[in-house]
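The stops below go from one selection to the next.

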Amino acid sequence: MSSPSADIHWLDGSPPPFTPSGTAFGIPWSQGQVDRTTALKVQVKGSSTSIPVQSWPLAYWPDGSLKWSGHALPANTGTTSQGFTVLPGTPAEPSSPVSVSQAGGAVTVSTGSFSAHFNAAGSTTLVSSISLNGRALAQNGSLVLHVQNAPDPDLTLVQNGTTQLPQVQTMVGKTDSVQVEQQGPVRAVIKVTGKYSATSGGNHADFLPFTVRFYISAGSTSLRMVHFFIFDGDQTKDFVKGLGLSFSTPMSDQLHDRHVRFLSSPFPNSSASPPDGSKNVTAGVWGEAVRVVSGLRRDATAPVLNAQFNGTPTPDLSTWPTSVSSELDQLAVWSDFSLDQLSPSYFTISKRTNASTKANWVDHAGHGTRAAGLGYVGGAKNGGVVFGLRDFWQGAPRSLEIRNAGSSTANVTLWAWSPQAPAMDMRHYDTVPHGLDLAYEDVGNPDPTPIGIGRSYETTIQVVPATPSRADLAKFADVHTRIPQLVSTPEFYVSKKLFGGRWNVPDTARSGAAVIEKEKSALLDFYVKVEIDQRQYYGFWNHGDVMHTYDQTRHEWRYDIGGFAWDNGELGTDLWLWLSFFRTGRADIFRIAHAMTRHISETDTHHTGTLAGLGSRHNVSHWGDGAKEARVSGAWLRRPFYYLTTDELMGDIMDLMLQAGQTIMTWDPLRKVLPPPPSEGPGRLRIGPDWTALAGSWFTKWERTMDDQWLEKMKIGMNDIGGFKFGLFTGSGAAVGWNADTSHMVDEGGEGQDSYHLMMLFGGGEFLMEAMDISVIRDAVPEFDAAWLDFCRLFNASDADKIARYGKAFSSGGFQQLYAKLQAYAGQRLNQPALQQTAWNFISNNTTGVYPPAASVGGTDVLNPIMEIVNLATNDAAHRSLSEYAVLAIAPNLAPNNFTDEEDKNDDLTVVMSSNASLSSLKLNRNYTPVRLNTLRTTCHLAKQPASYVT
């Protein structure tokens with residue numbers, strides 16, 4: 001047998017100009033391919049040249065072999081190579097390996113000429129110094145927070161007299177632990193935890209627990225930081241006014257040789273796709289000196305002006321015209337600079353002299369649409385710091401702030417929440433609920449609370465020996481806004497049967513499959529390339545999410561209507577995007593999936609508190625809905641992100657989701673529609689999507705650690721289900737008794753009394769397909785496997801088939817087109833092609849979630865011209881796609897093959913809205929006939945469901 005190997009390439013198709021912080025990636029392996037003790041190396045593809053790599057296990061197969069491996073490459077390695085190969089062998093060592101030393105709780109990391117010193121626990125200065133060639137160029141790295149005790153006042157309500165302004169306190173991050181997680185030779189990872197603590201004179205209790213990881217790579221002169229905090233404050237009293245990272249840097253060059261740089265984003269959208277298909281995009285550079293000598297009444301001459309413009313040392317003053325040099329000290333000293341991106345679509349640059357607060361800001365120094373979040377301050381001769389805040393305009397309001405550049409020490413703050421913006425308001429959008437029947441909202445019990453939700457941001461600090469050229473800074477902006485990522489091919493991923501394994505690389509050999517693939521591509525294009533940006537789905541808490549359901553009358557998503565607003569990953573939107581990436585390898589889909597997974601796992605999820613481990617159902621505010629669900633927060637859905645990127649924070653979050661089983665004991669998901677569970681429970685959950693989410697989290701922990709306690713928890717539940725008379729159709733809407741202490745479930749009866757339509761959505765079906773492919777699980781729970789296959793084949797079956805199996809007929813609850821994938825899967829497992837054909841029939845005849853092409857809407861119907869898809873619903877777009885992916889993969893030979901090119905032209909029709917547009921006034925430039933059905937497909941979603949089963 002040939003040696004296992006994996007070819008990888010740069011996500012964006014070509015090597016990045018730099019990898020200043022190195023790069024990390026994950027590789028999947030088939031069971032038994034790579035022993036856990038096997039060393040792995042990386043070679044330039046097509047050659048025997050090895051490059052340094054550090055490797056570690058991410059997940060294991062039951063036999064102990066590697067399921068996923070993580071790898072890190074040094075900084076600026078492989079930037080001339082299109083691809084690499086990972087294979088067994090002794091890894092190459094970096095020429096200047098990372099070394100880690102510890103003393104008294106403090107940690108020092110060195111890569112040779114570069115070093116960073118981290119203070120011991122208990123300090124409010126996390127990073128005491130970052131040095132290059134023995135000289136500290138960045139010092140006193142601290143986490144800063146401004147918090148006020150009330151929202152910003154609405155001054156329009158002040159009729160007379162004065163109003164009391166909120167009191168603002170300054171707090172700093174105080175560490176309680178410093179841990180070395182990785183210590184070379186290619187990279188070091190330092191994990192720091194703590195809380196924000198009041199500074200002298202403040203009285204606010206410590207709060208906002210945080211985790212910070214610092215990454216340092218061999219060959220690098222930069223420090224990458226990922227900061228995650230959890231909100232545990234009082235939403236009525238704690239209003240964050242500013243949140244960020246600050247540090248200082250020495251300034252020793254002459255004032256006219258000190259430089260400040262800010263850059264615009266080279267990419268206009270959150271998918272980091274070049275505009276209009278262009279491959280050559282470059283960031284713009286705003287660059288000025290602390291003391292400007294151009295534009296004067298007297299000419300400083302070209303040698304001086306060109307040097308200052310380019311950031312290189314100016315000629316000796318003795319060579320300058322005396323008409324300039326003699327009066328140089330009279331020129332303004334611009335000491336303070338600020339770039340403020342307070343909205344996703346506009347930023348400003350301001351500057352102020354060393355008169356500081358005694359003088360006004362010049363607020364028209366520069367402006368643009370979207371900033372890269374990258375800046376520089378330092379000297380032409382003695383160097384300085386390139387600093388960056390990732391997802392800058394996407395996460396607005398943000399700011400980059402430089403103070404005292406005209407003194408001996410400049411202070412820099414990277415504001416993840418800008419103090420120039422209104423204070424962060426965590427309160428719900430209303431004080432009363434608006435009901436399920438009209439607003440589709442499930443607010444109350446519990447009342448809306450942000451306690452336990454979190455958010456992360458990422459920064460880099462790179463020390464340099466001299467002011468970088470404008471061209472090099474533009475390259476820094478490229479890799480800062482589009483972080484380099486190594487991935488493999490769709491063909492490689494599909495060969496590993498990842499994440500359920502029932503998906504394939506697009507195959508258009510049969511005309512019916514070609515039609516579906518064309519629809520899927522167009523739908524993805526609309527979300528990824530058009531809709532997110534035209535609707536401006538950005539902001540500190542919003543970036544990564546999309547909306548749930550469209551309002552055709554207003555030509556707007558239902559952003560203000562209860563449960564129709566933010567999607568919060570409903571029905572597996574994130575899984576749709578990840579499987580779409582695996583199928584196609586598209587970089588733009590990867591980046592949207594990445595942002596969405598960050599958002600759902602952080603903002604839509606409660607990590608601590610009374611709701612720990614549960615996520616929030618879709619709502620106008622991300623955490624506002626009272627339906628707190630493991631289906632949103634489950635770790636199984638986070639795996640694509642974690643395994644592709646090796647992201648340690650995501651690993652932390654997946655572990656926190658293991659709390660959900662206990663939390664459900666308090667927050668019965670059916671508490672609003674069923675009486676309290678019987679004492680045999682003593683809690684309650686639904687087999688799906690609750691238990692499937694819990695089991696998916698246990699499965700994830702088991703494969704990451706090989707700790708069999710998590711496997712046993714799965715098997716206990718599976719054996720319980722296998723013993724139930726009605727298997728996975730047990731209970732009213734799958735409601736069963738639940739005991740988190742024992743992991744057992746109890747049959748409460750009530751089968752067939754309510755809907756089972758949510759059972760295997762939210763990745764539940766894909767999880768069980770993956771789990772049942774593992775013999776150690778499948779062979780241990782034969783009764784469950786039989787019940788699972790019964791569910792898959794009978795969900796869409798006739799009453800007669802259900803009576804034959806269970807002795808009674810009942811409604812599964814609809815969503816036949818979404819469950820066609822499980823029908824096809826049952827046909828595959830049971831070798832029954834008829835089941836696969838029936839699945840295809842549901843796909844081919846389905847009318848729900850099949851949309852006409854995107855069309856333009858303009859004029860007085862909308863504020864700005866838009867593209868829209870009539871009656872679009874993300875539920876249908878996402879999970880119908882997942883179902884179709886599975887059926888295409890399981891039974892490609894049964895795809896319809898009778899569509900002609902003439903019929904396919906219907907896909908290119910455009911929809912024209914009348915000037916008084918509404919659904920009833922929809923017009924087509926000729927009758928729109930969907931290619932798989934000879935009638936107009938309309939969206940028939942969201943039939944009324946019981947309160948606890950709303951989607």
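**Stop 1**

Select serine 55 and look across to strand β6, where histidine 71 stands opposite serine 55. The model is a predicted one. Now extend the selection to β5 and to β6, residues 66-73: the two strands pair in the antiparallel sense over six bridges.

**Stop 1: the annotated span at 5-81**

Colour residues 5-81, where an unreviewed UniProt entry places the feature "domain: PcRGLX/YetA-like N-terminal RIFT barrel". The span is 43% strand and 0% helix. Its end C-alpha atoms lie 18 Å apart.

**Stop 2: proline 153**

Move to the loop between β12 (135-148) and β13 (168-183), and pick out proline 153 there. Is proline 153 buried, exposed or partly exposed? Its relative accessible area is 31%, so proline 153 counts as partly exposed, the class between 20% and 50%.

Show the surroundings of proline 153. Leaving aside neighbours within four places in sequence, proline 153 is in contact with Leu165 and Pro166. For a distance to check in the viewer, take proline 153 and threonine 163: they are ten residues apart in sequence, and their C-alpha atoms are 8.0 Å apart.

**Stop 3: the annotated span at 484-893**

Colour residues 484-893 next. The unreviewed UniProt entry gives this range as "domain: PcRGLX/YetA-like C-terminal alpha/alpha toroid". Over residues 484-893 the chain is 49% helix and 7% strand. The end C-alpha atoms of this range are 38 Å apart.

**Stop 4: arginine 631**

Select helix α9, residues 630-633, and within it arginine 631. Why does arginine 631 count as buried? Arginine 631 has 2% relative accessibility and is therefore buried, as the cut-off is under 20%.

Finally, display the side chains of arginine 631 and glutamate 570. What links them? The two side chains make a polar contact at 3.2 Å.

Definitions and conventions: Residues numbered from 1 in each chain as written. Predicted model: local features only at pLDDT ≥ 70, side-chain atom pairs only at ≥ 80, totals over all residues. Heavy atoms only, no water. Pairing = 2+ DSSP bridges. Helix = DSSP H or I, 4+ residues; strand = E, 2+ residues; numbered from the N terminus. UniProt positions renumbered as here; feature names shortened; annotations may be inferred. Buried < 20%, exposed > 50% of the residue type's maximum accessible area, 1.4 Å probe, protein only. Polar contact = N/O pair within 3.5 Å; in protein donor to acceptor, adjacent residues only side chain to side chain. Contact = heavy atoms within 4.5 Å.
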